[in-house]
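Here is a short report on one protein chain. Look at the structure first, then read on.

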Amino acid sequence: MQENQEKFIEKVKEKNKNKKLKYSILTMGCQLNENDSEKIAGMLTKMGYSEIDDYKKADLVVFNTCCVRENAEERLFGKLGEIKKIKESKNLILAIGGCMMQEKNMLEKIKKSYPFVNVIFGTHTMQNLPEDIYNAIVKNEKVKDVIDIDGEIYEGLPIKRNSKYRASVTIMYGCNNFCSYCIVPYVRGRERSRKPERILEEVEELAKEGYKEITLLGQNVNSYKGNEKIKNFAELLNAVCKIEGIERVNFISPHPKDFTDDVINAIANNSKISRIIHLPLQSGNTKVLNEMNRKYTKEQYLNLAEKIKNKVEGVVLSTDIIVGFPGETDEEFEDTLDVVKKVNFEQIFMFIYSKREGTVAAKREDQVPEEIKHKRFEKLKELYESRVDENNEKYINTIQKLLIEDKSKNNDKMFEGRTQTNKVVIFEPNDTNEIGDIVSVKITEAHKWYLKGEII
Ligand code: 5AD
Ligand code: SF4
């Protein structure tokens, strides 16, 4: 398999020799897609392409698609309209891959209505991209490389990472949960965990290259299944934290139903692990949660949040919430607001329910009218924003450890970093501070979207 990939990388490279060709990747969707795009970038770089931000100037464009909500689809169709015009005036290869290509209806629509697309690839066939591109540019074929069966885990893809200090490492693929609103299990297949040895090797390699922060990725990281040596997610966390050079460890996304005590203990006992835990709530009402197939009640969620806060010093929580799930009443939505008040999340990713064909919830006739969904969204947003100032002010006069990420975008005399709880802090560096360092700052000012600090 890998040999085949290398063979086609060489063939395309030979074909592209001295042409100075450029690629551009447009990633829609989650961090798993971002991580896939880093692998696509790795393959394209080896094939002799170099990166350009403006896809209008590229010779090869890849759209890595998402289908979790309808607006991601609308965005793709907008971009396809734009690129059609560009394609009429220049020679350009267009490849579309990712989750949306695993949906039969979408695949048919792209094939029928957008015949200028050169390569279509799915989530299980990304590793074939060099061969697909070769067939498109050399044989001038229209390539469709999508399979329905869960792909084997393909190790060893080249990778070109977006940052020098923070890296994502996918630990598992797919999802078995079938939350009734969610399309992911249909397009990403069943859960498949990478071997712990492969994961640890990757993290060790990253540490050697100078990476300081690692984010372990999966649709449901805490149902990770290892082997005799490293059995589960808690043991994997402990092992990753032992790797020298890695100073910070994050993970997304866990599922509340699998948040066992050993995972909480691993977090409490390892100061390298982020002090912001993402705990997707989705709804605060037990009946809605049941219909969502989430497998926990309002009370169980509140107890878990409490337990994490009691056991892990300095921890804050973030969450995902969907408003307007089919059948949700005003009273049921009030339960979501109640949980938001009680848990006091530091960050909330809010979504308006989006009907996804093929899921259980899409078949329901009691869909909530758009207008009501939007009203609930605004109400939730207001509640969340009313808490932001108070939550930020709590940081004033505290000492925070930051990983310096960059110069501040608005003032190049200032540096920007993030706390263990993912808060952006702007500060004036001293002569020895460099990007990638971990430093301590005292927080002096709280603003809505960032804090200000002084180096100590
Ligand atoms: N509509 C709205 N939001 C959704 N999510 C998943 N499916 C849908 C949907 N059909 C949200 C969930 C999930 C996040 C990644 O996207 O909150 O946690
Ligand atoms: Fe979708 Fe639920 Fe799986 Fe998350 S856990 S990917 S929301 S089905």
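How many salt bridges are there between domain 2 and domain 3? The count is three. A salt bridge is a side-chain nitrogen of Lys or Arg within 4 Å of a carboxyl oxygen of Asp or Glu. D389 and K448 form a salt bridge through their side chains, at 3.4 Å from N to O.

This is a predicted model, in which local features need pLDDT of at least 70, side-chain atom pairs count only at pLDDT 80 or more, and totals for chains, interfaces and linings use all residues. Residues are numbered from 1 along each chain as its sequence is written, chains are lettered from A and ligands numbered from 1 in the order in which they are written, and side-chain values use heavy atoms, without hydrogens and water.

**The domains**

The bounds below come from an automatic or database domain assignment.

| Domain | Residues |
|---|---|
| domain 1 | 2-145 |
| domain 2 | 166-393 |
| domain 3 | 399-455 |

**Where domain 2 meets domain 3**

The centres of domain 2 and domain 3, taken over C-alpha atoms, lie 27 Å apart. Domain 2 gives 20 residues to the contact, and domain 3 gives 17 residues. Contact means heavy atoms within 4.5 Å.

Together the two domains bury about 1500 Å², with 48% of it on carbon and sulfur atoms. Buried area is the accessible area (1.4 Å probe) that two parts lose on being put together, summed over both. On the side of domain 2, R166, R248 and N392 lose the most area to domain 3, together 41% of what that side buries.

Which helix gives the largest share of the side of domain 2 that touches domain 3? Helix α13 (residues 370-393) does, with five residues. Helices here are DSSP runs (H or I, at least four residues), as are strands (E, at least two), numbered from the N terminus.

**A covered helix**

Now turn to helix α5, residues 129-137. Seven of its nine residues are buried. Buried means under 20% relative accessible area, exposed over 50%, and partly exposed in between (1.4 Å probe, protein chains only). The buried residues are L129, P130, D132, I133, Y134, N135 and A136. Their cover includes α1 (2-16), α2 (31-46), β3 (60-65), β5 (119-121) and β6 (143-145).

**A residue in β6**

K144 sits in strand β6. K144 is partly exposed, because its relative accessible area is 44%. Leaving out residues up to four places away in sequence, K144 touches L107, K111 and I120.
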